[in-house]
Amino acid sequence: MAPKRGHEDGSDVAIPFKKKRTSDNDDYVDVDDDEYAESEANSSLVPRGATINFSALTRKLEASRKVQENGNDSMGLPAHRRQQDSLVSHIFQDQDFSWLHLKPDHASRPLWISPEDGHIILEAFSPIAEQAQDFLVAISEPVSRPAFIHEYKLTSYSLYAAVSVGLQTEDIIEVLNRLSKVPVPESITTFIRERTLSYGKVKLVLKHNKYFVESSHPETLQTLLKDKVIREARVHSQVVDTSIKASTFTTSRAPVKGNLVIAGTKEAEKRKEDSGNATGANGAPTADKDLFTSVVGVESDEIDEDDDNVHAFEIDDAKIDDVKKRCNELEYPMLEEYDFRNDTVNPNLDIDLKPSTVIRPYQETSLSKMFGNGRARSGIIVLPCGAGKTLVGITAACTIKKSCLVLCTSSVSVMQWRQQFIQWSNITDRQIAVFTADQKEKFAGDSGIVVSTYSMVANTHNRSHESKKMMDFLTSREWGFILLDEVHVVPAAMFRRVVTTIKAHSKLGLTATLVREDDKIADLNYMIGPKLYEANWMDLAAKGHIANVQCAEVWCPMTPEFYREYLREQSRKRMLLYCMNPKKFQACQFLIKYHEDRGDKIIVFSDNVFALEAYAKKLGKLYIHGGTGQVERMRILQHFQHSPEVNTIFLSKVGDTSIDLPEATCLIQISSHFGSRRQEAQRLGRILRAKRRNDEGFNAFFYSLVSKDTQEMFYSTKRQQFLIDQGYAFKVITHLDGLEEMPDLVYRTRDEQIELISSVLMANESEADLGTDVRAGEGDLAGTITSKDFGMPSRFPAVQRTTGSLSALSGGQHMSYVEQNKSANKKLAREAAPRHKLFAKRDKDKASARKEGRSQA
Ligand SMILES: Nc1ncnc2c1ncn2[C@@H]1O[C@H](COP(=O)(O)OP(=O)(O)OP(=O)(O)O)[C@@H](O)[C@H]1O
């Protein structure tokens, strides 16, 4: 489903169109499983959604048993269907689904469901695709969403999330059936029923400061009460099965009744008008809505939950964790909801959005999933980089109006969150405090906001006296709301510590890239809650909320000298060699010139600080890395924002996430962190917020410069996968037209290139490390990441010094190259690992040719 990569002829340059991190004090330790991409073997061994594949596997095994027993296959499919014969059956073999008969009006129904694995294929060009997408996002995981055909997957978690936002089993099946070109296969209906049977049936609700296990299914509560742990946790003074009238219960698809989120905003007014003008909830014209209704046959508003009779029993505060765990084991995971409007014990916080703050429709939609029934559901909201997750979090805090704790990944983000709270809401300076290594503040009054980092809160060692006092402040009180930024990067253990030490009634996780190679996403489901909403990147771009980006991969051939060294080198310097490839330098110079001439503002990213400095100095540009002081950073960023003289800056990974530069319209990536899909997406996020995004025909540009025939090509392909799944197409540029004619082209001559290789070979091993911004300072998001940090054995030796010659130091670089190279060659020959026989033969041939030459001489 990935878009094809095409070749560009260069004339079309106009298309040129975010570890284990250990850092100082308050910065977190971040495990990005994406980085497993460093190991090719790992990446292929750990498929995405492994958890789900496991259940699919179990079903398959079960099915094969059934086939043997009664002639049905694992998904309950009749065995005879495999013998279905048609002229083309043999081509598709077991992927021949022609036995699933199309409905007579299939052309007007936009989707097809695979009976084998629950994958759903959606025609994104259908007039009712937008409504269908809303529904599919609620019940399934988006797998890939390019322009015309989308792929989704029904999983246990997606169905858990669907139920948690109020959808009912039979509604899911019914709507799916109406949208599907073929009758929903029995295997799928069985799967949906099985998975939704118990999920979402039990809620943990805090009402009047007492915890209740609540359900509208009395038999479920009876089942739970049969369990010893739960029975013992029950508070007997309460009347069992208290009937609680849920006054404002609605489902996710119903209009948000009594919802405080949108009240008072201009957008709310606009939406009221829109509905008055008979347009759809998404602004879709009535005609489309009618078509949806005629095909789907269910008005979205019809799916209202009839939840009049809710039964509950009270449980002991101290036993909450045991009950939660037990419910999980019994396969009745509890949804957490906070009836904040009826919480009279925790003091209210006087916070509201400023009248000038207008939230965008997708921000509102995401929040409606959280507040759909007048309570706050805990869960995760996924929005693209630059789409305004901060404001979503702030709006949620303004809705709950109770004390709020915000946790983010670095001290830079802490300051940004604080500033954004002040910018978008009426919160006063005294009501919002920060807790970082440098600042330990408490808010004034009974209620307020504290912004901190995960590591400040989770860290249990070496706390200063001040920090201890601050932690007591945080742990001794009840928080109405905890906001968790960038949830996908925080290790499970750290989350567990945070979640157990802080008593919060509701949790909201925010992220742009819910991608991990392992099953840690499952931990998030348990610790925070299900995914409540995931936006479509292309949709937001089409509506002008984020910029349209043209992505391209520029293939830069290695010069023969660099390639020879690359093949010889066994250490990290291989990476430095492909970063410092003179042809890459030239491509970078050309693209900078091209885009500066167009009036673009350009950010060049390099993870490797050695390369960063070398490029920036050679091309005469300003640069920022971990070692750049705060004052210097601000000065450079201000120049970039306001001065027409500074149109290009070079950034190390410190700029991946924490820098908000809406002026930037072009990104050039010269070195990156292995195959990290997350970093690729986060970097793209820097230009998605481009100020000029709504200019007529405006495009932002994202270039990855890749040295041809090197490992970098593999990593690059891997990195792009997440963005491709979001619908981005990467073009391949193999030739930049006009590059050769550039008057002041760098490293044009062989001598200059040889001089460059000399400097690379003389560099320290540590400087060659791609994942390390060795000069990262306190508060930087850039930490030091190595393969070892991801639990993998380091393939490279630790830092090692190489000696440069005196002649090199005195400026005779050319000579030093020869000297250095000679000795390096000897050293390599001594240390060389066993070579492939092909190369061994070539070396032998060469050696005998040399011998022959000498004897002839
Ligand atoms: N409703 C809105 N109205 C106006 N501006 C908005 C709105 N929502 C977000 N923005 C602006 O969009 C930009 C991006 O927002 P924000 O930094 O919250 O994005 P993000 O999703 O957290 O991105 P990232 O994941 O890259 O950190 C900011 O400049 C913010 O002020």
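**View 1. Helix H14 and its buried residues.** The buried residues of H14 are Lys-389, Thr-390, Leu-391, Val-392, Gly-393, Ile-394, Thr-395, Ala-396, Ala-397, Cys-398, Thr-399 and Ile-400. That makes twelve of twelve, so to speak a mostly covered helix. Keep in mind that this is a predicted model.

**View 2. H14 from end to end.** Just past H14 comes Lys-401, with a positive phi of about 55 degrees.

**View 3. The shell around the ligand.** Here 18 residues surround the ligand, and the closest are Cys-385, Gly-388, Lys-389, Thr-390 and Gly-685. H14 is the top contributor to this shell, giving three residues. By type, the shell splits into eight nonpolar, six polar and four charged residues. Domain 3 (355–397 + 405–535) and domain 4 (544–768) each supply at least three residues to the shell.

**View 4. The largest nonpolar core.** This core counts 193 residues, and the ones with the most contacts inside it are Val-213, Ala-397, Ile-449, Cys-588, Tyr-615, Ile-668 and Ile-687. One of them, Ala-397, also belongs to the buried residues of H14.

**View 5. Zooming in on Val-213.** What does Val-213 touch, leaving aside its neighbours within four places in sequence? Its contacts are Val-202, Leu-204, Leu-221, Leu-224, Ala-312, Phe-313, Ile-315 and Val-323.

Note on methods
Residues are numbered from 1 along each chain as its sequence is written. This is a predicted model: local features need pLDDT of at least 70, side-chain atom pairs count only at pLDDT 80 or more; totals for chains, interfaces and linings use all residues. A residue is buried if 20 or more other C-beta atoms lie within 10 Å of its own, exposed if 12 or fewer, and partly exposed in between; C-beta atoms are placed from the backbone. Helices (H or I, at least four residues) and strands (E, at least two) are DSSP runs, numbered from the N terminus. A residue is near a molecule or strand if its C-beta atom, placed from the backbone, lies within 6 Å of it. Ala, Val, Leu, Ile, Met, Phe, Trp, Tyr, Cys and Pro count as nonpolar, Asp, Glu, Lys and Arg as charged, and the others, Gly among them, as polar. Domain bounds come from an automatic or database domain assignment. A nonpolar core is a set of buried Ala, Val, Leu, Ile, Met, Phe, Trp, Tyr and Cys residues joined through C-beta atoms within 7 Å. Two residues are in contact if their C-beta atoms, placed from the backbone, lie within 7 Å.
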